[in-house]
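Welcome, and please open your viewer. We will walk through one model stop by stop, selecting as we go.

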Amino acid sequence: MARRSRRYLLLLLRYLVVALGCPKTFGLSDPKDHQVITAIEYQEVILTCKFPRKTPASRLEWKKLGQSVSFVYYGQDLRGDFKDRAQMMDFSIRIKNVTRTDAGKYRCEVSTPTNEGQRLEENTVTLEVLVAPGVPTCEVPSSVLSGTVVELRCQDKEGNPAPTYTWFKDGTRLFGNPKLDAQITNSSYTVNAKSGTLQFNTVSKLDSGEYYCEARNSVGFRRCREKRMQVDDLNVSGIIAAVVVVALVVSICGLGVCYAQRKGYFSKETFQKSNSASKATPMGQNDFKHSKSFII
């Protein structure tokens with residue numbers, strides 16, 4: 001069905017060309033015929049346009065495909081920033097300093113005049129750019145309490161392919177197996193090489209030290225600076241002393257309330273007497289004169 005549809009499309013194109021009076025065009029290439037080229041960032045790469053036929057009258061165009069199509073080579077001239085860091089090699093493009101932004105799909109289109117008309121051919125190239133990791137971001141707490149759960153994090157956002165992560169303590173690699181690292185730590189911990197996390201389930205004082213992480217892929221590796229993590233024991237004696245002090249304060253307050261109740265400071269009679277005393281205020285001489293003048 002696909003072949004029949006393609007034939008019908010070619011026949012329709014020929015009909016439109018004849019009807020519009022344009023030169024005869026035929027020979028569109030198979031869109032499945034494409035290649036994948038891998039390059040390392042900042043090195044050289046050649047985007048090859050594979051066509052066996054080449055004549056001085058052949059017309060070549062290179063385009064970068066994406067959300068919008070942009071010209072790379074058009075009108076016998078390189079376009080954009082390729083003009084300064086690329087050169088043509090017959091139908092192919094040699095990029096001297098490839099960058100990660102160059103990754104994507106490219107298409108070369110060749111139009112060659114023949115006795116039968118213009119022959120159009122195209123070839124698609126996918127460029128994959130490998131990028132070394134940058135300096136990873138390492139999150140190492142400076143101070144933690146013994147017996148708690150602690151997680152150290154490491155992440156890189158530049159590497160392609162995605163890097164794997166390795167943790168080091170005091171310059172020695174943590175293999176992810178506490179039995180193999182008995183000389184380094186006696187804690188139970190796990191290392192996730194994909195996510196870059198180092199988790200201590202119950203951290204101990206022996207886990208104190210200088211930690212750093214390394215991000216590595218097929219292109220290269222980078223590591224972050226060492227950061228010290230100090231593990232402190234829980235101050236049990238201090239906590240007990242604080243609890244005792246609080247208990248004493250509460251006890252003293254309770255005894256004070258009981259003593260006040262015994263003395264009758266909180267009885268109803270005392271409250272009523274104090275209330276009536278506050279209401280019964282003597283009338284002064286000025287008040288009497290004022291009331292007298294008011295009556296007159």
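How much space lies in the largest pocket? About 210 Å³. Before you select anything: this is a predicted model, in which local features need pLDDT of at least 70 and side-chain atom pairs count only at pLDDT 80 or more, while totals for chains, interfaces and linings use all residues. Residues are numbered from 1 along each chain as its sequence is written, and side-chain values use heavy atoms, with hydrogens and water left out.

**Stop 1: the pocket**

Select Ser58, Leu60, Tyr73, Gln76 and Phe91, which lie nearest the centre of the largest pocket among its 14 lining residues. (On a 1 Å grid over the protein atoms alone, a pocket is an open set of points where a 1.4 Å probe fits, with protein on both sides within 12 Å along at least five of seven lines; lining residues have an atom within 4 Å of a point.) Strand β4, residues 59-65, gives the largest share of the lining, three residues.

Now centre on Gln76, in the loop between β5 (70-73) and α2 (82-85). Is Gln76 buried or exposed? Gln76 has a relative accessible area of 71%, so it is exposed. (Buried means under 20%, exposed over 50%, and partly exposed in between, with a 1.4 Å probe and protein chains only.)

**Stop 2**

Next pick Lys63 in strand β4, buried at 14% relative accessibility. Lys63 forms a salt bridge with Glu109, their closest N and O atoms being 3.4 Å apart. Glu109 lies in strand β8, so the pair ties together parts that are 46 residues apart in sequence. (A salt bridge is a side-chain nitrogen of Lys or Arg within 4 Å of a carboxyl oxygen of Asp or Glu.) The structure holds 14 salt bridges.

**Stop 2: two loops joined**

Show Arg100 and Glu41, a salt bridge at 2.9 Å between the closest N and O atoms. Arg100 sits in the loop between β7 (92-95) and β8 (104-114) and Glu41 in the loop between β2 (34-40) and β3 (45-47), so this pair links parts 59 residues apart in sequence. Arg100 is partly exposed at 36%, whereas Glu41 is buried at 8%.

**Stop 4**

Finally, go to Asp156, in the loop between β12 (150-155) and β13 (164-169).

Conventions: Grid points are joined across faces, edges and corners, and a volume is the space filled by probe spheres set on the points. Helices (H or I, at least four residues) and strands (E, at least two) are DSSP runs, numbered from the N terminus.
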